[in-house]
Amino acid sequence: MSLTTAIPFCVALPLIIAAVLALASQWIGRRVCDTLAIGAAACNVLLALVILRGVWSHPLIYWFGNWWPRPGGVALGICFNVDAVGAALAVLTATLTLAGLIYSWKIFEDTENHFQPLMLIFMAAMCGFSYTGDLFNLFVFFELMSVSAFALCGLKTLEPAPLQGAFNFAIVNTVGAFMIVMGIGLLYARTGALNFAQVGRSLGRTPADALVLLAFLLIAVGYMTKAAIVPFHFWLADAHAVAPSPVCVLFSGVMVELGLYAVARIYWTIFSGTLAAHEGQLREILLILATLCAVVGGLMCYAEHHLKRLLAFSTISHAGLMLAGIGLLTPKALGGFLIYVLSHGTIKGGLFLGAGILLHRHQKIGEDHLHGCGRGMWWTAALFAIGAFGLAGILPFGTLLGESMISEAAKSLQQSWIAYAFVFAEVFTAGAVLRATFRIFFGWGEPAPTDKSSRVEEKPETEETRQRTPAAMFLPTAALILLGIAIGAVPQLRGTAEGAAGVFVDSSHYAQMVLDNAAPAPPRKAPEEPLTSSIVRSSVAGALALALALGSVFRKKLAPALNFTRSLELGNSALRAAHSGHPGDYVAWQSLGMAAIGGLFAWLLH
Amino acid sequence: MLNYLAYAVAAWVFLWGLYGIVTSKNLVHQVVCLAILQTSTYVLLLAIGFKIGGTAPIFADIPVGTPVVDPLVQALMLTDVVVEATVAALLLSMVVKANEVAGTVDPEELRILMG
Amino acid sequence: MRLLQCVVLLLVAITAPGVVLSRDPKCQVVTLSFYGLICALMFFIFQAPDVALSQITIGAVMLPLMILLTLTKMRRQNLRREQEKKRR
Amino acid sequence: MSSRQRTTLFLIAVAGLAPLFAWGFRNLPPMGDYRGPYGYAVTQVAVYERHATDVVNAINYDYRGFDTLGEEFILFASILGVLLLFRPSGDDHKGKKQAQVEDALPVSDTLRVGMQAMAGTMVIFGLYIAAHGQLTPGGGFQGGVILATVPLVVYLSGDVKTFEAIVSNPLTKLAECGGAGGYAIIGALAMLGGAHFLTNFLPLGKTGDLFSSGTIAVISVTVGVEVTGGFLVLMRSYLREIIEERLQGEE
């Protein structure tokens, strides 16, 4: 299949199949519907891989409706600008959707076959989001992704908690979406264009003024809301705790990261020229946000005992690390971001599916309730432990490569303290997962302290016999975790990713390619530096995480000096109280965060 | 000053919508406030695309070349209207369900997940 | 024309807080519907008939209608719950 | 957080946001002076290139048709979501018998006849709006919403049976899904001729005719079909239990 056929079909095919499935849902059986949906997702994995291979050496521009830009660089149509970064994210999207759909083979008996088409629409939206080259089209796919995500999140309607989570998710994200529309409006007022390249070229002529900064602020805050950056992150813990496990895989594994990807995309194609003079200050603002996010996420993760909510906070922490990859504003760090997203997405996806297996077997999700329940589920236990070390980023995992690239980029910018933020986040998130593993699967130590939300007993996602784990659940889980390792084994990954990122950040050439039909430049493979220092650092982080977990579990037996682990596990009460579950609070924090970042921006300009 | 009235109204409505969401004590009320928040984007887009002396961008009775207001912002607003209606429909159905299973539509009482 | 625009903008600016501040959803349906009509009027005055048409159908009719249906459904649920309570 | 703390927090945020907006909006072009390249170019070329007199719809269904495809699927996904949330659960059947809540609308005969006459007019109006999208204000979306309110008028006039017959008809579902999928399929059909996705591949006809502007008219009607079906499905899922009770009451 030629590439120009594959690109639109990657979005259109799942949409068409979703419409067919929704129409036929009353008449065809559950299994037929499942099979078709899995087939469509598998098809999308293939399409996305074909596209990735096609754009590996140079990006490709696809103009919908044959509306190539007019002479003078006025684009009336919408284009997809498919480069290696976006194409890799689309592959991740399709893979995780496939895993989620296979996993749900055994669960959800009562969705009247509406679950599968929604998953396909969700996937199509995320693929379109990662390919598009147009501001408003990005928003449309953002909204399509959001609407299907809201519905999927509130899937289990028999209890109040999923509805609360989905409602908070929808309110906060929709407020963010309107901020994006306002930002787009401001940019349109200034430039009269919506195409990334055209807007960027038009803005790039003059240094940024208040209007451009406000537009950047509105759009960045909107997408950072999706990316769950502190203080816009509150919805994520509520939504992830209650969404069905296969949906969580997509939320944590790729949706959140796409929010960051959008920030990177608009920064480099639109704002990098006009903000060039302020690059240093902007970097500092983004790095402060990233560190705050990593620290808050890490602390809350360790203080949480609802297994899915724990993983959700770990996603927030890692989102901070990924923001650091973008916020350093260099191609090397961006390449690190890409590798980190791919490997984190698969590992975190696998962990969420693992939590789903526990829920399936024991109908409980609280670490205290599950204490010792997992004895005998050694394979699942192994996956959990491997996944935890994946979060710590030790040797065979892809996360190590991403982390090392970001740290190296930080070092060359005299910001080497970022490496400590990484170690902090890795120790706490991996430590929390290991702690849960020891308690649940081995029954070591005392049961965990109970906190308010670990009492939220999730409704089991299935009603069948639960003596053993079905293969349809275990295999996708194992496959995802192993993929997280396999990514690290791809030869010359770092150099290739940095080359792809180099193409991504070259905004003037991007504009020429889109608007003037210039020939794409081949990516240059960057030299790879030795990993030694990162290996040492991540091994230390892994060891510290293990020690922290063991210390927490055997607190009573070992020494009174370990009592600090108890206060870590109980968490800071003010911090916990801030995560109040009230949508009004969340929007108030969101406004405050925007005002604060806006204040920093204002200071930046003067 | 009058030239900037529309922009001021957009910001004004935006902040009122946020205020409504923050202080709301009823989920239905909150959804309506979200719709109000949305209308601020209409005002902004409309004001941006407006042109003094321009007519509607429909060339059924007027020759091409007559000054018209910007058609693109109107196309964007059409999409915006659909987004508003659909998100509201979805949110309202969540509210109905929440009332059914939790017996309340006060966000203060619906807090099951926290901390 | 200029004056008309100012008037309709001010109307929007006045009614929007009105909708927000009418705390009772039943009363809000009325104010929201009115606000939707004013928005549609604003679109007409600003030369956007396409948007005005969809705003009338969506903002002034469909959205208030959905809220009414929601309120009806919730009232029935609450009545049912009370009935069940009495029975016990 | 208490509601007072929350409001205080928000007011602090407003104290930052309001000057921020004022600061940024000051640099906007004064209202009415706008002259951006997109709007200028498209109003110059759209009528010649697309033979459509309503430029807004030419943008919506052709130049930026891909956005509208996404938009229609937003509607589609949210309807799927509502159906998913309102799916009948085990408790519903138990509760139904206890739930005889009196809320019949008293409708006088004059009002009923008036409403039914109105329904007829609205069908014509909706069809007109949906079919003339490329020529005059309106188009598939607006026409579809008007058409979708027709059965509701029938319902309000007290004729629950007819309403149920319309909304529970499989054709409604077909309209919803077929309209959404059809849009994507029309887009894909263009690729058979070697063009890109969503290219306007039909003959453009004579400017001002009902069958002009190629796929713009076709897509507009497709969208109308989807929106009509979609909103009907939406209303049905909201009204389902009420209708069931009414019908039981009538028997």
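Analyst: Two residues count as being in contact when their C-beta atoms, placed from the backbone, lie within 7 Å. By that rule, chain A and chain C do not touch, and their nearest C-alpha atoms are 14 Å apart. This is a predicted model, in which local features need pLDDT of at least 70 and side-chain atom pairs count only at pLDDT 80 or more, while totals for chains, interfaces and linings use all residues. Residues are numbered from 1 along each chain as its sequence is written, and chains are lettered from A and ligands numbered from 1 in the order in which they are written.

User: Which pair of chains shares the most contacts?

Analyst: Chains A and D do, out of five pairs of chains in contact. Chain D brings 58 residues to the contact and chain A brings 65 residues. On the chain D side, two or more residues each come from helix 1 (3-25), helix 2 (37-50), helix 3 (55-63), helix 4 (65-85) and helix 9 (170-189). Helix 4 of chain D gives the largest share of that side, with 14 residues. Helices (H or I, at least four residues) and strands (E, at least two) are DSSP runs, numbered from the N terminus.

User: What does chain C look like as a whole?

Analyst: Read from the N terminus, its elements run α-α-α, which comes to three helices and zero strands. A radius of gyration, taken over C-alpha atoms, can be set against a globule rule of 2.2 Å times the number of residues to the power 0.38. For a compact globule of 88 residues the value would be near 12 Å, but chain C has 18 Å. Its C-alpha atoms fill a box of roughly 65 × 25 × 10 Å along the principal axes.

User: How much of chain C is buried?

Analyst: A residue is buried if 20 or more other C-beta atoms lie within 10 Å of its own, exposed if 12 or fewer, and partly exposed in between. In chain C, 49% of the 88 residues count as buried.

User: Which residues have the most contacts inside the largest nonpolar core?

Analyst: A nonpolar core is a set of buried Ala, Val, Leu, Ile, Met, Phe, Trp, Tyr and Cys residues joined through C-beta atoms within 7 Å. The largest one has 421 residues, and A:Ile121, A:Phe122, A:Cys153, A:Leu323 and A:Leu338 have the most contacts inside it. Leaving aside neighbours within four places in sequence, the contacts of A:Cys153 include A:Pro162, A:Phe169, A:Ala239 and A:Val247.

User: How do strand 1 and strand 2 of chain A run?

Analyst: Two strands pair if DSSP finds at least two bridges between them. Strand 1 (residues 60-63) and strand 2 of chain A run antiparallel and are joined by four bridges. In this pairing, A:Ile61 stands opposite A:Asn81. Both faces of strand 2 (residues 79-82) are covered: A:Cys79 and A:Asn81 are buried on one side, and A:Phe80 and A:Val82 on the other.
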